[in-house]
Amino acid sequence: MRMLVTGGAGFIGANFVHRTLATRPDARITVLDALTYAGTRASLAPVADRITFVHGDICDADLVNRLVAETDLVVHFAAESHNDNSLADPWPFVRTNVVGTTTLLQAVRTHDVRYHHISTDEVYGDLELDDPARFTETTPYNPSSPYSSTKASSDLLVRAWARSFGIRATISNCSNNYGPYQHVEKFIPRQITNVLTGVRPRLYGTGANVRDWIHVDDHNDAVWTIVERGELGQTYLIGADGEANNRTVVETILELCGKDPNDFDFVTDRPGHDLRYAIDSTRLRTELGWTPTYSDFRAGLTATIDWYRTNENWWRPQKDATEAVYAGTERVTG
Ligand code: NAD
Ligand code: DAU
């Protein structure tokens with residue numbers, strides 16, 4: 001199996017490459033990644049001699065066309081992925097997430113290559129904190145941020161290319177991932193590395209917002225399940241029943257690090273901050289037989305903290321620059 005993994009130097013893409021080589025040692029993987037601030041070859045260092053790495057942009061139609069012509073499967077992870085950045089400057093999100101996805105779709109259409117599209121539960125907007133509802137494959141799209149709007153656009157482009165041009169595509173929409181190699185701008189690694197460097201964790205607003213956490217390996221196993229057994233043209237939601245509010249997550253990180261669980265600050269809220277995400281993954285479980293293996297969030301967090309503790313050389317170069325960006329907008333409120 002020859003496969004093209006876009007965004008394979010980023011968080012989920014790099015974990016996908018590691019997981020694939022561990023479970024499918026014969027896979028022939030080409031990674032296409034632009035190495036933005038969010039991507040680093042260090043995340044692929046342990047497998048560097050087992051893959052082909054192409055430093056390039058998914059908006060480069062000639063390059064994408066050449067690479068797609070030489071592959072049997074495209075798994076498309078590459079994206080601008082951080083909500084806060086999309087509020088500060090939406091243009092890279094429109095370019096990569098919309099134009100880049102369209103560039104890939106045209107190439108898979110030309111060469112009739114199987115395509116799997118990685119997307120997010122944020123396309124559905126948010127739920128009330130006290131609403132028992134969860135997102136399903138039929139929940140209407142209602143994105144809130146420039147990031148989620150561009151991901152929703154990319155999903156709709158995939159659906160249009162499947163219906164109008166018959167491309168062989170599937171889509172997955174996953175909840176919040178955690179695990180190794182996640183950029184320190186994101187909530188869990190930011191708080192872990194704050195604690196490890198003696199800085200108080202930072203909670204937006206009141207800390208009541210809820211996210212539905214899934215370990216990145218469970219996400220990537222679900223992607224393989226869909227690639228191998230999913231119905232073409234269909235969408236599958238991926239989630240592991242991991243709802244927790246942000247305050248509880250911060251308190252747990254502090255406790256697992258041996259600190260006072262109240263040793264955090266509240267800061268200014270994110271504009272338009274989605275209240276709650278929750279995934280109903282019944283379809284993926286009943287139709288395709290997937291189940292998550294990391295059922296204990298506390299155990300997964302402990303392993304993730306250990307990873308950041310022992311891999312400071314991986315995250316240290318990004319930390320100061322990331323905190324400098326936050327310092328430009330963030331104000332302690334309590
Ligand atoms: P990330 O920001 O960690 O990695 C993105 C990667 O894409 C980086 O390596 C970056 O260099 C690369 N990239 C960006 N623009 C590019 C371009 N124009 N051409 C080529 N490469 C480019 O993101 P992530 O958290 O790993 O997310 C991966 C995918 O999963 C995204 O599509 C995201 O929307 C989706 N997703 C993420 C989560 C999550 O919790 N992180 C949850 C659900 C879905
Ligand atoms: O739901 C899937 C999405 O999850 C993905 O599509 C996105 O790519 C990914 O970044 C993530 O989006 P969120 O906005 O939910 O993740 P983030 O890590 O930025 O924030 C998680 C929650 O924590 C959110 O409610 C905001 C809050 N937060 C975040 C940071 C960085 C804080 O309270 N403090 C912080 O310092």
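Helices (H or I, at least four residues) and strands (E, at least two) are DSSP runs, numbered from the N terminus. This is a predicted model, in which local features need pLDDT of at least 70 and side-chain atom pairs count only at pLDDT 80 or more, while totals for chains, interfaces and linings use all residues. Residues are numbered from 1 along each chain as its sequence is written, with chains lettered from A and ligands numbered from 1 in the order in which they are written.

Start with the whole chain. It holds 11 helices and 13 strands. A compact globule of 334 residues would have a radius of gyration near 20 Å, and the chain agrees, with 19 Å. That radius is taken over C-alpha atoms, and the globule rule is 2.2 Å times the number of residues to the power 0.38. The C-alpha trace spans about 55 × 45 × 35 Å along its principal axes. Of the 334 residues, 46% count as buried. Buried means that 20 or more other C-beta atoms, placed from the backbone, lie within 10 Å of the residue's own. Two residues are in contact if their C-beta atoms, placed in that way, lie within 7 Å. Among contacts with a separation of 6 or more, 82% join residues 24 or more positions apart.

Next, the domains. Their bounds come from an automatic or database domain assignment. Domain 1 covers 2-178 + 214-238, and domain 2 covers 187-210 + 243-276 + 294-320. Their C-alpha centres lie 25 Å apart. The contact between them takes 16 residues from domain 1 and 13 residues from domain 2. On the domain 1 side, α3 and α7 (216-229) are the elements that give two or more residues. The most come from α3, with three residues. By type, this side has five nonpolar, five polar and six charged residues. Here Ala, Val, Leu, Ile, Met, Phe, Trp, Tyr, Cys and Pro count as nonpolar, Asp, Glu, Lys and Arg as charged, and the others, Gly among them, as polar.

Now follow one helix. Helix α5 (residues 146-165) has 20 residues and reaches 28 Å from its first C-alpha to its last, close to the 28 Å expected. The expected span is 1.5 Å times one less than the number of residues. Its buried residues include Pro146, Tyr147, Val158, Trp161 and Ala162. The buried residues of α5 pack against α3 (83-88), α4 (91-111), β5 (114-120) and β6 (169-174). Just after the helix, glycine 166 takes a positive phi of about 70°.

Turn to the ligands. A residue is near a molecule if its C-beta atom, placed from the backbone, lies within 6 Å of it. Ligand 1 has 30 residues around it, and Gly7, Gly10, Ala38, Gly39 and Ala79 come nearest. At least two residues of this shell come from each of α1 (11-23), α4 and β5. The largest share, three residues, belongs to α1. The shell around ligand 1 divides into 13 nonpolar, 13 polar and four charged residues.

Ligand 2 has 19 residues around it. Ser81, Thr120, Lys186, Phe187 and Tyr204 come nearest. Both α6 (187-196) and β8 (202-204) supply at least two residues of this shell. The most come from β8, with three residues. The shell around ligand 2 divides into four nonpolar, eight polar and seven charged residues. It draws at least three residues from each of domain 1 and domain 2.

Technical notes: Buried ≥ 20, exposed ≤ 12 C-beta atoms within 10 Å, placed from the backbone.
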